[in-house]
2 protein chains.
Amino acid sequence: MGVRNASRGPGRPAVPTGAPPTLADVAERAGVSRQTVSNAVNNPDLLRADTLQRVQQAIAELGYLPNRAARNLRTRSSHLIGLRISAAQEGTANATMDRFVHSLVETSRDAGYHVLLFAGEADDPLSGYDDLLRSTAVDAFVVTDTYLGNPQAGWLGSRRAPFVAFGRPWDAPEAHHPWVDVDGAAGCELATRHLLERGHQRVAWIGWRKDSPIGEDRREGWRRALHAQGLSSAGLAARVDDTVTSGAQASAALLDDAAPTGFVCASDTLAMGVLQTLAARGLTPGRDVAVVGFDDSQVAQVVTPGLTSVRQPLEQVAIEIVSALEGLLGHPPRVGDGVLLTPTLAVRGSS
Amino acid sequence: MGVRNASRGPGRPAVPTGAPPTLADVAERAGVSRQTVSNAVNNPDLLRADTLQRVQQAIAELGYLPNRAARNLRTRSSHLIGLRISAAQEGTANATMDRFVHSLVETSRDAGYHVLLFAGEADDPLSGYDDLLRSTAVDAFVVTDTYLGNPQAGWLGSRRAPFVAFGRPWDAPEAHHPWVDVDGAAGCELATRHLLERGHQRVAWIGWRKDSPIGEDRREGWRRALHAQGLSSAGLAARVDDTVTSGAQASAALLDDAAPTGFVCASDTLAMGVLQTLAARGLTPGRDVAVVGFDDSQVAQVVTPGLTSVRQPLEQVAIEIVSALEGLLGHPPRVGDGVLLTPTLAVRGSS
DNA sequence: GCTTCTGCTTGGATCGATCAAGAGCACCGG
DNA sequence: CCGGTGCTCTTGATCGATCCAAGCAGAAGC
């Protein structure tokens, strides 16, 4: 310390030059011990008022901020939250993810955390997690792709790694890790009711194949809304791949066979297919046939009449997730339950 | 150490339980000193072959990975790269950013770095940077929004903070920090030439207002392509805000006044406006009038005939950026020049 | 046989923070 | 006058890795 302090006396300007100031530098300037400075930062209540102010002034003058690495080492926590971004899938789900990441970063900041992004091997859903965990690089994870029936949740659980899932544990309903999800069924019920209220009697469904629990859940919302009005859902549904072409084909077939006046879709991508079919047949979306998508993506906003779409409350999702994380990382840890949020409907020209 | 080692003898199973193994644990198990283990990890060449193998086996058996915090503290580097994500702007630029982040994360991983996301106050372009810098939380930054004439570059430079910019220093051409950018002019020249080759003689431009250097740069590419063919660009250009409506209005006016048969736009958003106008007039994109956008966003891919669009080589951008970062952080630091990459054209139904 | 030279290995110090325990002081009741 | 009780602040140890300089072999040279 001697050498160091000799080179940075109290007369030193506050403008940062060379190495950043350390706790010891602040201590010397304020004429107190290191521990007192540490307390001033972490437990201000312990100090006498005048001492606290003296230390705080020294901190301000030197522009001191605790060294993360040192603090992390001592406290065994990094205040980082790991988020694995999946392989670049150029689908509309992408945009959702982007909005979510934004929200997560901002919410985390307010809670004193930063988000660490990482990528893994495409074929191994677990890669990346293990290294970060063993090297104590992150305090916890946010897991997003729970829908693949993928082993992350169980694996992380067995390692006692703190994590919160965005998405229900579809495969294992009895799982007792915290999760936050959006109620897709409620969203589609909302969308369907919206069309029914506008006078539509025959509202069709275009969703994903049966092996997708999310798709089945959303479909259930559509069915529920119809049945609540005493309407039949028979013959009004299609289950296809999540592509524009599939949506176009499915809607063409449904128009021919069942003559629906409205479509509720499991995704904006499928809805775009419907719009394509309508255009090809000279039908005007919103006037002749109503269309509702899901995700409120970029596309829904810029497409010509505007696409009505179910919008996930991702800001709220982020808030709930961070709240759950704070619980997990608190002392003592508090393990919350699952949280299910209700989406809203962004109404545009297509309905 | 004594207590700790007593509780985790050599017979310890490899399955992680409780605290992760430390370098000292590995050393004891392999019957060597800590430094030898450290060398086995960081400078394997220094060890005799049989010793190295013994150590590596111990590492594998214990599942040892160096503690990040401890390593960071000692080496004064975190192997983290900071990336500030701008306020959630729901524009097509969003999608570009998303693709870029993906690429950056993957490329960084291969170079041994992770990406730390952070947010700042919306009104202060510098907030967030300072804290991370002073707390030595990141080794370097990637700066993305250089177009606002914003002070980040200069500020970071004056603090001697290592950073690489995605985007040219438009305001300060003589700036000597490393940057990587995409040649917008070349992209638009490519797009325009593409239309000219398809027989179009009158190709119009719809771009941003004059205060955007990026917009002017892209416009220059369009102009260059026309002039190269001895064609005039007079009366064929509009400068408007980056919205669908503006694009629609501008294209309508241009169609009335100058009867172009093709449009090159500064963004996919504007191009969507053109498509809207064409639809309203009963014109078929691609057959009657050609349209080219910029960014190859989600929208370009799912819109009905498919929107031809200039695609930025973001994967390559990420590679160049990480390479520049490695230079900056190397010993001795190597400061590279600016790198300008040429985009490609994703041809679809609209042309 | 003794010295010198590599080359691997070793204990100790260090990075900058926090934890745990102790020391100095004023104030209180006995 | 003394021991106890807070309150405030200080000292020494510690987290787990890497840097440093010294130690200790074995091989080569005289």
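## DNA strand C

A polar side-chain atom of B:Arg34 lies 3.3 Å from a base oxygen of DNA strand C. Such a pair is a polar contact, defined as two N or O atoms within 3.5 Å; within protein, one must be able to donate a hydrogen and the other to accept it, and residues adjacent in sequence count only if both atoms are side-chain atoms.

Helices (H or I, at least four residues) and strands (E, at least two) are DSSP runs, numbered from the N terminus. Of the atoms of DNA strand C within 4 Å of the protein, 62% belong to sugar or phosphate and the rest to bases.

## Basis of the model

The model is predicted: local features need pLDDT of at least 70, side-chain atom pairs count only at pLDDT 80 or more, and totals for chains, interfaces and linings use all residues. Residues are numbered from 1 along each chain as its sequence is written, chains are lettered from A and ligands numbered from 1 in the order in which they are written, and side-chain values use heavy atoms, with hydrogens and water left out.

## DNA strand D

Around DNA strand D there are 27 residues, of which A:Thr36, A:Thr51, A:Arg76, B:Leu23 and B:Ser38 come nearest.

The surface near DNA strand D draws at least two residues from each of α3 and α5 of chain A and α3 and α5 of chain B. Here α5(B) gives the most, with five residues. Sugar or phosphate accounts for 64% of the atoms of DNA strand D within 4 Å of the protein, and bases for the rest.

## Interface of chains A and B

Contact (heavy atoms within 4.5 Å) joins 53 residues of chain A to 53 residues of chain B. The area buried between the two chains is about 4800 Å², of which carbon and sulfur atoms give 60%; buried area is the accessible area (1.4 Å probe) that two parts lose on being put together, summed over both.

The rule finds twelve residue pairs in polar contact across this interface, both at pLDDT 80 or more. The elements giving two or more residues to the side of chain A that touches chain B are α5, α6 (93–110), β2 (114–118), α7 (129–134), α12 (268–280) and α13 (298–302) of chain A. The largest share of that side, eight residues, comes from α6(A).

B:Gly215 lies in helix α10 (residues 213–228) of chain B. At 1% relative accessibility, B:Gly215 counts as buried, a term for under 20% relative accessible area, with exposed over 50% and partly exposed in between (1.4 Å probe, protein chains only). Neighbours within four places in sequence aside, B:Gly215 is in contact with B:Trp205 and B:Trp208.

B:Ser351 lies in the segment after β12 (344–346) of chain B and is buried, with a relative accessible area of 12%. Not counting residues up to four places away in sequence, B:Ser351 touches several residues, including B:His194, B:Arg198 and B:Thr308.

Conventions:
A residue is near a molecule or strand if one of its heavy atoms lies within 4 Å of it.
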